[in-house]
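Trainee: Could you take me through this one piece by piece?

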Amino acid sequence: MPWDVVAKSLFIVVVGVGVFAPVVTWVERKQSAVMQDRIGANRADLFGIRILGLLHPAADVIKLIFKEDVVPHGANRALHLTAPLIAAVAAIVSFAVIPYGGEYTVGGTTFSLVAADVDWGLLFIFAVGALAAYGTVIAGWASNNNWSLLGSLRATAQMISYEVTMGLSVVGVFMVFQTLRLPEMVHAQDATFRLLGFLEVFGWVDPLPAWSDWIRLPRWGVFLQPLAFVMFLAAIMAENKRPPFDVPEGDSEIVAGYHTEYSGMRFGLFFMAEFIEVVVIAGLMVTLFLGGWSVPWLSSERIVAGITPLFGGGFANLFCMLVHVTTWLVKVSALIWLQMALRWTLPRFRYDQVMDLCWKILLPLSIANIFVTGTILLLIEGTR
Amino acid sequence: MLAEYSGVLITLAIAFLLAGGLLFAHIRLGPRRRFDEKLEPFECGERQIVSPRQRFAVKFYLVAILFVVFDVEALFFYPWGALFTELGWHGYWAMVVFTVPLVVGLLYEWMKGALEW
């Protein structure tokens, strides 16, 4: 048994599913309460201790487990049970390829903080995201309910449409970093570039004054591919079917969409999958566009080199690891906050608006982004 | 080689244990008080008027066909994007030649109203 891999997988699943996902359900209630000038969840208590309603997620899980298990007449029992399982498993497995730390050497052994360091990291996330669509389709069909069927049809069309734009909008990022391996992508972002450097590269101002060397930005995807950042965020949020893209479960139109006939933990798994996916989205956006675990303007070599003379190499690497994992957690939390703020700010789109956004705006824009990025990259390459 | 995959497999096992365990606990621990009205599919208080096993709008099939075309296109973009600077201008023009027919196809769908909902 490769115990180090088990430990790494367990860590990311515990952080993602055990800590972040429940806290996200709490954030959803509390942040909406703050944004709407309410108090929000604060009732669940353990021996009189309430800690701002943080016990609500635990109370939810207990409640959902002890609910009655109801399968409606005429439903396909096997598929009705499989659907939430597919949704939840697909959401959790995505964590395997998300790097939450770089490479460190402690006591002669080198290890990297990612459960599966694979060439096809990003492709794996897309593949698993496509599997999640099966969960909703099967749920809608197996329930023997008209609302469920309508919801799952909407969900299918929306998810497969946005899968295309999701895939095409990040191609620019591969082109810039020249890899599909997520840890390598983060490593490439652990650096800075001169903001005015392009003037020199194209020979418009040569040489640049010395002060321009100080104006540096982290080499993050969001600065190199700003349009891709916005498009990918929109596409992946639509893929997760959360508001403002929640037409498949639009409560005011089709009751609860594909999970109308689900209750108890069967519903709970769909609910969990949605919140786990919020965390996965945050982790993926951080990895692709916000430099993952890297500290802006402070590369890992500089952290290690700064600490080593004082406390030795092993401690320096451990300290660096701690700083990186903390940075990663902070960045992921920030993106979760962003998604929640969007969710509680925008009203639900109409279905035609959702599909128009995908096929008529994001798809042409992402294809244009690929070729504009390509032209610029090759022009820069040509000056070398 | 296989060591790379072990992380994915172990995470998959953890995911199955977690989700399956929760479902199993729910099915075992919940109360069982069933009667006909409770088990009826929800239809705003009515008996089901039409069967959910019915035909639905052809639009959804159309989107599925469009998806196949463009997702295969996207698949060709991934390896090309990851090797972009090595391929240089030759690869760039090759991809332009590959993309133009697809963009023309998209425009045709658009003009024909296949993207209207």
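Trainee: Is the crossing of α12(A) and α14(A) left-handed or right-handed?

Mentor: First off, this model is predicted, so local features need pLDDT of at least 70 and side-chain atom pairs 80 or more, while totals for chains, interfaces and linings use all residues. Residues are numbered from 1 along each chain as written, with chains lettered from A and ligands numbered from 1 in written order. Helices here are DSSP runs of H or I with at least four residues, strands are E runs of at least two, and both are numbered from the N terminus. A near helix turned anticlockwise from the far one by less than a right angle makes a left-handed crossing, a clockwise one a right-handed crossing, and for α12(A) and α14(A) it is right-handed.

Trainee: Is α12(A) oblique or roughly parallel to α14(A)?

Mentor: Axes are lines fitted to C-alpha atoms, for helices over the stretch in contact, with angles from 0 to 180 degrees between N-to-C directions. Under 35 degrees counts as roughly parallel, over 145 as roughly antiparallel, 65 to 115 as roughly perpendicular, and the rest as oblique. The axes of α12(A) and α14(A), which is residues 313-345 of chain A, come within 8 Å and cross at roughly 120 degrees. That makes the pair oblique.

Trainee: How many nonpolar residues are in the contact of α12(A) with α14(A)?

Mentor: Two residues are in contact if their C-beta atoms, placed from the backbone, lie within 7 Å. Ala, Val, Leu, Ile, Met, Phe, Trp, Tyr, Cys and Pro are nonpolar, Asp, Glu, Lys and Arg charged, and the others, Gly among them, polar. From α12(A), residues including Val278(A), Ile281(A) and Met285(A) meet residues of α14(A), among them Trp328(A), Lys331(A) and Leu335(A). Next to two polar and one charged, the contact of α12(A) with α14(A) has ten nonpolar.

Trainee: Is α3(A) roughly parallel or oblique to α12(A)?

Mentor: Look down the two helices together. α3(A) and α12(A) have axes 8 Å apart and pack at about 20 degrees. So α3(A), relative to α12(A), is roughly parallel.

Trainee: How many of the residues on the side of chain A that touches chain B are charged?

Mentor: Chain A puts 71 residues in contact with 55 residues of chain B. Elements giving two or more residues to that side of chain A include α1 (3-35), α5 (146-169), α12 (264-289) and α15 (351-382). By class, that side of chain A has 44 nonpolar and 16 polar residues, and the charged ones number eleven.

Trainee: Is α5(A) roughly parallel or roughly antiparallel to α3(B)?

Mentor: α3(B) is residues 59-82 of chain B, and its axis comes within 9 Å of that of α5(A), crossing at roughly 20 degrees. Therefore the two helices are roughly parallel.

Trainee: How many polar residues are in the contact of α5(A) with α3(B)?

Mentor: α5(A) passes α3(B) in a left-handed crossing. Residues of α5(A) including Leu153(A), Ile160(A) and Val164(A) meet residues of α3(B), among them Phe60(B), Phe67(B) and Asp71(B). Alongside twelve nonpolar and two charged, the polar count is three.

Trainee: What box do the C-alpha atoms of chain A fill?

Mentor: Let's take both chains along their principal axes. The C-alpha trace of chain B spans about 70 × 50 × 15 Å. For chain A, the C-alpha atoms fill roughly 75 × 50 × 50 Å.

Trainee: What separates the C-alpha atoms of Phe124(A) and Pro364(A)?

Mentor: Phe124(A) is in α4(A), residues 121-142. Leaving aside neighbours within four places in sequence, Phe124(A) is in contact with Val97(A) and Val118(A). Pro364(A) is 240 residues from Phe124(A) along the chain, and their C-alpha atoms are separated by 25 Å.
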